[in-house]
Amino acid sequence: MTAKKDQMKKIAAEKAVSYLKSNSIIGLGTGSTVYFALELISKLIADNKLVNIKGIPSSKATEELAVKFNIPLTSLDENPFIDINIDGADEVDSDLYLIKGGGGALLKEKIIAQASKTNIIMVDESKLSNFLGERFYLPVEVFPFAIGSETEFIKKLGMNPKIRIKNNSAFITDQGNYIIDIHCGKIQNVKELSDILHSRAGIAEHGLFIDLTNILVIGKESGAEIKFNKNI
Ligand code: 5RP
């Protein structure tokens, strides 16, 4: 199953990378699908088919991979406008709203997405759903000081918060924060939940990405399917 999924992720990554152009600033997301995209970008650079590009990584993990793959990097300070961003997602609905943050990089991923002229999201077809939350939990990044109070706040909303654990201790983001994975089930009103979570000072950011996908690339066994967002 994983080999099959990886194949679909590779198909999506290959199509997404075909949108990249020389002389541009590229946002680099995080995750296993992005890994395949980085491999392809590296090869295009080595073959002189992609020249004068600079990437802005969304996590330390992606930064390390980009260095390993000889992809030149820059920062948002040096280049506050990104031409095109490629990233993965954990779940996608028919409005092309996303759940992201499975890799814990949602904060920088959202900053990069908001700074990008075009956002391309690459998924295998298992990530598609009718209602966000039906396949994946919702990650939120929480300041350590607020972990107790935000956990209780989420419970009061009737949802089930779980502090993310990795290697027997709390997962710590690149920013030094915690991740709460909210097991919420189908989210009936994505914008409303986004507003509620944004109203909390202890929540640095949540993993709902609304109106931040211009192009969705779905990797399928039969090839790549493209969906363009006509609403943004
Ligand atoms: C990381 C993310 C990833 O894009 C998401 O988890 C998808 O990852 P993968 O491509 O490994 O399935 O949001 O924070």
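Predicted model: local features only at pLDDT ≥ 70, side-chain atom pairs only at ≥ 80, totals over all residues.
**Ground rules.** I number residues from 1 along each chain as its sequence is written.

**Ligand shell.** I looked up what surrounds the ligand and found 17 residues (a heavy atom within 4 Å), the closest being Ser-32, Thr-33, Asp-90, Gly-101 and Lys-127. Sorted by class, I get two nonpolar, nine polar and six charged residues; Asp, Glu, Lys and Arg count as charged, Ala, Val, Leu, Ile, Met, Phe, Trp, Tyr, Cys and Pro as nonpolar, and the others, Gly among them, as polar.

**Polar contacts.** I looked for N or O pairs within 3.5 Å. Ligand oxygen atoms lie 2.5 Å from a side-chain N or O atom of Thr-33 and 2.6 Å from one of Asp-90.

**Cover.** On its own the ligand has 380 Å² of accessible area, and the protein covers 91% of this (Shrake-Rupley method, 1.4 Å probe).

**Domains.** I then turned to the domain assignment (bounds from an automatic or database source): domain 1 takes in 2-126 + 210-220, and domain 2 is 138-201. I note 24 Å between their C-alpha centres. Across the two, 15 residues of domain 1 touch 15 residues of domain 2, with contact meaning heavy atoms within 4.5 Å.

Note on methods: Heavy atoms only, no water. Polar contact = N/O pair within 3.5 Å; in protein donor to acceptor, adjacent residues only side chain to side chain.
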